[in-house]
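Please work through the exercises below with the structure in view. Each task is followed by a solution in steps.

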Amino acid sequence: GKKFSIGIVSGEVKCGNMGCEGMKKFSFIGSLASWVHVVERVGRLRGADIAIDHTTYEEVVNIAYVRAIQHVLFKKHSPEKVLMVYEAMHAKDLKEEEWMYQLAEGERLNPNKTFNSSYDLFMAGDVEGAFGAIEKQDAGDGDAVLADYKSRLQKARSNPSFMEPLDFAYA
């Protein structure tokens with residue numbers, strides 16, 4: 001089947017019909033319109049079906065399993081800044097009568113705990129620690145994001161430039 005990815009960002013954009021009378025197109029304008037394009041491309045590049053920005057992450061972290069997949073240098077923002085892209089995975093199975101307990105226990109129950117800890121070490125510049133934390137985790141069941149991350153860590157062990165954020169210089 002055809003592989004697809006979805007990019008989701010949260011915030012305000014300007015939208016509406018653009019163009020002349022004979023050729024109108026519904027469009028979005030603003031930095032978020034460019035950013036959603038980057039988020040979707042990063043998701044596709046890293047093997048994530050659904051990629052989200054940090055603002056969306058903050059909205060869904062209590063109801064879905066999420067993991068960081070890439071930091072990106074976003075040049076469309078003034079001043080330039082490094083932004084994080086996450087993979088939104090499956091929803092947390094919150095039982096109505098136990099949801100508060102499950103949210104409180106969220107990190108302990110998180111199946112991405114090892115991945116997230118490793119990525120935190122990676123972001124702090126500790127490539128060896130990040131590799132050690134994740135090397136035994138199995139990338140079975142077609143987990144393209146984990147396989148990609150382990151491959152990048154392996155490369156970063158010999159070439160520190162793999163730790164730098166992706167640079168999306170296009171519009």
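This is a predicted model: local features need pLDDT of at least 70, side-chain atom pairs count only at pLDDT 80 or more; totals for chains, interfaces and linings use all residues.

Residues are numbered from 1 along each chain as its sequence is written, and side-chain values use heavy atoms, with hydrogens and water left out.

**Exercise 1.** Determine which residues of helix H5 are buried, and where they lie on the helix.

*Solution.* Step 1: helices (H or I, at least four residues) and strands (E, at least two) are DSSP runs, numbered from the N terminus. H5 covers residues 113-123.

Step 1: buried means under 20% relative accessible area (1.4 Å probe, protein chains only). In H5, Phe115, Asn116, Ser118, Tyr119 and Phe122 are buried.

Step 2: viewed down the axis of H5, these buried residues fall within an arc of 160° (taken from the directions from the helix axis to the C-beta atoms); they therefore line one face of the helix.

**Exercise 2.** Classify the ring pair of Phe122 and Tyr149.

*Solution.* Step 1: rings of Phe, Tyr and Trp (its six-membered ring) pair if their centres lie within 6.5 Å; planes under 30 degrees apart count as stacked, over 60 as edge-to-face and the rest as tilted.

Step 1: the ring centres of Phe122 and Tyr149 are 6.1 Å apart and the planes stand at 90°, so the pair is edge-to-face.

Step 2: Phe122 belongs to helix H5 and Tyr149 to helix H7, so the pair ties together parts 27 residues apart in sequence.

Step 3: both Phe122 and Tyr149 are buried. Together with Phe115 and Tyr119, Phe122 and Tyr149 form one aromatic cluster.

How values were computed
Buried means under 20% relative accessible area, exposed over 50%, partly exposed in between (1.4 Å probe, protein chains only).
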